[in-house]
Amino acid sequence: MDTTAVRLTAVRRVYRDVTALDGVDLDFRAGTFTAVMGPSGSGKSTLLQCAAGLDRPTSGVVEIGGTPLTGLSERRLTLLRRERIGFVFQAFNLMPSLTAAQNVALPLRLAGRRPSKGEIREALGRVGLEGRAGHRPGELSGGQQQRVALARALITRPTVLFGDEPTGALDTETGAQVLSMVRELVDRDGQTVVMVTHDPVVAEYADRLVRLVDGRVVSSC
Ligand SMILES: Nc1ncnc2c1ncn2[C@@H]1O[C@H](COP(=O)(O)OP(=O)(O)OP(=O)(O)O)[C@@H](O)[C@H]1O
Ligand SMILES: [Mg+2]
């Protein structure tokens, strides 16, 4: 398989006098795991936000699954994000009063669907948490909480899963477990993953490493 899941062409993002992204061209191939690294302030989070349609570039084009985001109305963009993008963050951002199953069901409910029990069980099963459906985040370890967040991000079968330092709040061993899980999602399900990280270990799990400095791609291998 050699199709492009996400393509950025000449993407610039300027905040007042700060050029966060300075002409980025990147293709993320379907079914691959890319790690994005670079110093603090180099534009990693901005890159992810633009690629995920959470932020609009000042100029340039982002395409997701062949659809250019430029020119989409906010409503269309929201729908596309909901259906095609999964996002996990350093802070897991789970709803503390909801069970794991209810957290995972949330994106489908927001989309106006009533998820079946089987669908939720299957999503939790993919991250090895089938036995924890009734547990609330406070009753789960950090790694388990991040796996619930992964299951929630993947329930819509997104074209691409973005992560902004998703292992940043985890200890080394727990982080490694989450990374193995992500690797498995790529190998087994053909999931496309783009993950920003400060952790050089992440690169060992990835197919490709993209380095950013001052808003430009300085190496990609
Ligand atoms: N909303 C904003 N308003 C103004 N400037 C911003 C905004 N968001 C980011 N920036 C600036 O853009 C540059 C890139 O920021 P970004 O958050 O993308 O960096 P990063 O590589 O993710 O850094 P870190 O590793 O610290 O998370 C920085 O100089 C930052 O100050
Ligand atoms: Mg950042």
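The structure is a predicted model, in which local features need pLDDT of at least 70 and side-chain atom pairs count only at pLDDT 80 or more, while totals for chains, interfaces and linings use all residues. Residues are numbered from 1 along each chain as its sequence is written, and chains are lettered from A and ligands numbered from 1 in the order in which they are written.

We can begin with the ligand. The shell around ligand 1 includes Tyr 15, Val 18, Ala 20 and Gly 38, together with Ser 40, Gly 41, Ser 42, Gly 43, Lys 44, Ser 45 and Thr 46 (a residue is near a molecule if its C-beta atom, placed from the backbone, lies within 6 Å of it). Two or more residues of this shell come from each of β2 (18-29) and α1 (44-51); helices (H or I, at least four residues) and strands (E, at least two) are DSSP runs, numbered from the N terminus. Helix α1 gives the most, with three residues. By class, the shell holds three nonpolar, seven polar and one charged residues (Ala, Val, Leu, Ile, Met, Phe, Trp, Tyr, Cys and Pro count as nonpolar, Asp, Glu, Lys and Arg as charged, and the others, Gly among them, as polar).

Next come two helices. Helix α5 (residues 142-154) packs with helix α6 (residues 172-189) at an angle of about 25°, and their axes are 9 Å apart; axes are lines fitted to C-alpha atoms, for helices over the stretch in contact, and angles run from 0 to 180 degrees between N-to-C directions. That makes α5 roughly parallel to α6, a label for angles under 35 degrees. On the α5 side, Gly 142, Gly 143, Gln 146, Arg 147 and Leu 150 meet Thr 174, Gln 177, Val 178 and Met 181 of α6 (two residues are in contact if their C-beta atoms, placed from the backbone, lie within 7 Å). The residues of this contact divide into three nonpolar, five polar and one charged.

Finally, the strands. Strand β3 (residues 33-37) and strand β9 (residues 208-213) run parallel and are joined by four bridges; strands pair if DSSP finds at least two bridges between them. Ala 35 stands opposite Leu 209 in β9. Strand β9 is also joined by four bridges to strand β10 (residues 216-220), and these two run antiparallel. Here Arg 211 has Ser 219 in β10 as its bridge partner. In the hairpin of β9 and β10, which has two residues between the strands, Asp 214 takes a positive phi near 50°.

Methods:
Angles under 35 degrees count as roughly parallel, over 145 as roughly antiparallel, 65 to 115 as roughly perpendicular and the rest as oblique.
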